[in-house]
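Okay, thanks for coming, everyone.

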Amino acid sequence: MKIFETSTAPNPRRVRMFMAEKGLLEKAEFIQIDLAKGENLTAEYAARNPMKKVPVMELDDGTCVAETMAICRYFEESYPDSPSLLGDTPVEKAVVEQWLRWIEFSFFLPTGMCFQHTSGYFKDRMNPIKEWGEECRNSVEKFMHFLDKQLYGKEYICCDRFTAADINAFTTVAFARVVDIRIQPEQENLKSWYQRIKTRDSAGV
Ligand SMILES: N[C@@H](CCC(=O)N[C@@H](CS)C(=O)NCC(=O)O)C(=O)O
């Protein structure tokens, strides 16, 4: 199996961290795509993912699957003996999914928008709107405040154990630093949760 990815980009990092938690990193060959050079915009790459984004997983039979959480679900389903990260029971699965959606829509996406619209990193392929980037920055800061409150008295985001919700929130907090959004000194719960997740081996991949 191959995974086409970019080691510095946040979506591929979510996949690597998910695989590392399950002990599955050696199952894939990781192939680097240089986004700045537009290697994801070629016809060859589009044949694997017509949306032209990383990551993409290519199975040995040639099947290609894009979308970070679709790839993570493939590993969750394919390796049932590895630690579950998307919940075990129907209620756990629902709670993890709820958090994944809150994190994706209200935290990860605005962080990405803030990056794209204030840094100009992709100005060769989009029209950055600085005001929109700044509006997204406000949304990210709001969500970090919300997360700090939700983490009161908790070691992990949900289910009293480490799940993909922790992976997605952790990688977003780390990504937000690129646009100079940081955990505030008074956000004690968020700070200690972040430090706790950072000590895991998977946080280094
Ligand atoms: N919804 C997709 C988003 C993938 C995505 O936006 N990837 C970024 C890197 S983190 C990318 O490939 N950007 C390149 C571009 O926009 O040209 C997922 O969850 O995997």
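If we skip its neighbours within four places in sequence, Val 140 is in contact with Phe 107, Pro 110, Thr 111, Cys 114, Ala 176 and Ile 181. Oh, and keep in mind that this is a predicted model.

One of those contacts, Ala 176, takes us to helix α6, which covers residues 164-176. That's 13 residues, reaching 18 Å from the first C-alpha to the last, close to the 18 Å expected at 1.5 Å a residue. Among the buried ones are Asp 166, Asn 168, Phe 170 and Phe 175. And what do they pack against? That would be α1, α3, α4, α5 and α7.

Next, the largest nonpolar core, which has 46 residues. Val 140 shows up again here: along with Phe 18, Ile 103, Ala 164, Ala 165 and Ala 169, it touches the most other members. Elements giving two or more residues to this core include β1, β3 and our helix α6, but α4 gives the most, with 9 residues. Domain 1 (2-78) and domain 2 (90-204) both contribute residues, so the core lies between them.

Last stop, the ligand. Around it you'll find, among others, Asn 11, Lys 53, Glu 67, Phe 122 and Arg 125. Sort the whole shell by type and you get 5 nonpolar, 3 polar and 3 charged residues.

Definitions and conventions: Residues numbered from 1 in each chain as written. Predicted model: local features only at pLDDT ≥ 70, side-chain atom pairs only at ≥ 80, totals over all residues. Helix = DSSP H or I, 4+ residues; strand = E, 2+ residues; numbered from the N terminus. Expected span 1.5 Å × (residues − 1). Buried ≥ 20, exposed ≤ 12 C-beta atoms within 10 Å, placed from the backbone. Contact = placed C-beta atoms within 7 Å. Core = buried A, V, L, I, M, F, W, Y, C linked by C-beta atoms within 7 Å. Domains from an automatic or database assignment. Near = placed C-beta within 6 Å. Nonpolar A, V, L, I, M, F, W, Y, C, P; charged D, E, K, R; others polar.
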